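Here's a quick walk through one model, from its packed helices to its charged pairs. Have the sequence and the 3D view open as you read.

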Amino acid sequence: MELGRLEYLQALVTEFQVTDSTEAKEQVLANLANFAYDPSNYEYLRQLQVLDLFLDMLTEDNETLVEFAMGGLCNLCLDKTNKEYILEANGVEPIINCLSSSNEETVVSAVTTLMFLTTPRSRAQTTALPVVECMLRFSLSANTRLSNLASIFLQDYCSPPQVEEARNLSKHTAVGIPLPKD
């Protein structure tokens, strides 16, 4: 008997919650992140509290879990309801913390997610001075993906005075925030 979409997603969430295997958790979270790409799954994922699961995983020590959780949030936050949920759940701070990851995919997803989460109400948080300083540093990266994404962030989401203040403050040093590994 074939499971319906909701039942299948519920089975994945249950497997994630009950398994002790790190490898199984990584695989399940990767699957959930992939399902988060399809808008027809959004309501089910909200029902199953997968947004909370992704947000909780952002503080894990396991970089693979953080990468998949960040990717899942990135996939979900284009939806207005999901965006509002993430903002209301204080999700911006842990996403900003992912900018210091050594994992390139995590950082790229974090930058993209911050772009998607920026609204008139959230702009002060998503474009706070430390974030702008970080984006200035990323814009100098030899990694073209990261450099281009950071440049777009600075141009489209930050005001010229914000960028200038960050430039004057940091002089591109942004000490303590390493660039992700290629």
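The buried residues of helix 4 pack against helix 1 (5-18), helix 2 (22-35), helix 3 (42-47), helix 5 and helix 6 (80-88). Contact here means heavy atoms within 4.5 Å, and helices (H or I, at least four residues) are DSSP runs numbered from the N terminus. Buried means under 20% relative accessible area, exposed over 50%, and partly exposed in between (1.4 Å probe, protein chains only).

This is a predicted model: local features need pLDDT of at least 70, side-chain atom pairs count only at pLDDT 80 or more, and totals for chains, interfaces and linings use all residues. Residues are numbered from 1 along each chain as its sequence is written, and side-chain values use heavy atoms, with hydrogens and water left out.

Back to helix 4 (residues 50-57): six of its eight residues are buried, so the rest of the structure largely encloses it. Those six are Val-50, Leu-51, Leu-53, Phe-54, Leu-55 and Met-57.

Next up is helix 5 (residues 63-76). Its buried residues include Leu-65, Val-66, Ala-69 and Met-70. At the start of helix 5, a side-chain oxygen of Asn-62 comes to within 2.8 Å of the backbone nitrogen of Thr-64. That's a polar contact, a pair of N or O atoms within 3.5 Å; within protein, one must be able to donate a hydrogen and the other to accept it, and residues adjacent in sequence count only if both atoms are side-chain atoms.

Asn-143 sits in the loop between helix 10 (129-139) and helix 11 (144-157). Asn-143 is buried, at 9% relative accessible area, and its side chain reaches the backbone nitrogen of Leu-146 at 3.1 Å.

Now the charges. The structure holds seven salt bridges, each a side-chain nitrogen of Lys or Arg within 4 Å of a carboxyl oxygen of Asp or Glu. Among them are these:

| Pair | Closest N and O atoms |
|---|---|
| Arg-46 and Asp-79 | 3.0 Å |
| Glu-104 and Arg-145 | 3.0 Å |
| Arg-145 and Glu-105 | 2.7 Å |

Arg-145 lies in helix 11 and Glu-105 in helix 8, so this pair ties together parts that are 40 residues apart in sequence. Salt bridges with shared partners also join Glu-43, Arg-46 and Asp-79 into one network.

How accessible are the residues in these pairs? Glu-104 is buried at 15%, while Glu-105 is partly exposed at 34%. Arg-145 counts as partly exposed at 41%, and so does Arg-46 at 23%.

Definitions and conventions
Helix = DSSP H or I, 4+ residues; strand = E, 2+ residues; numbered from the N terminus.
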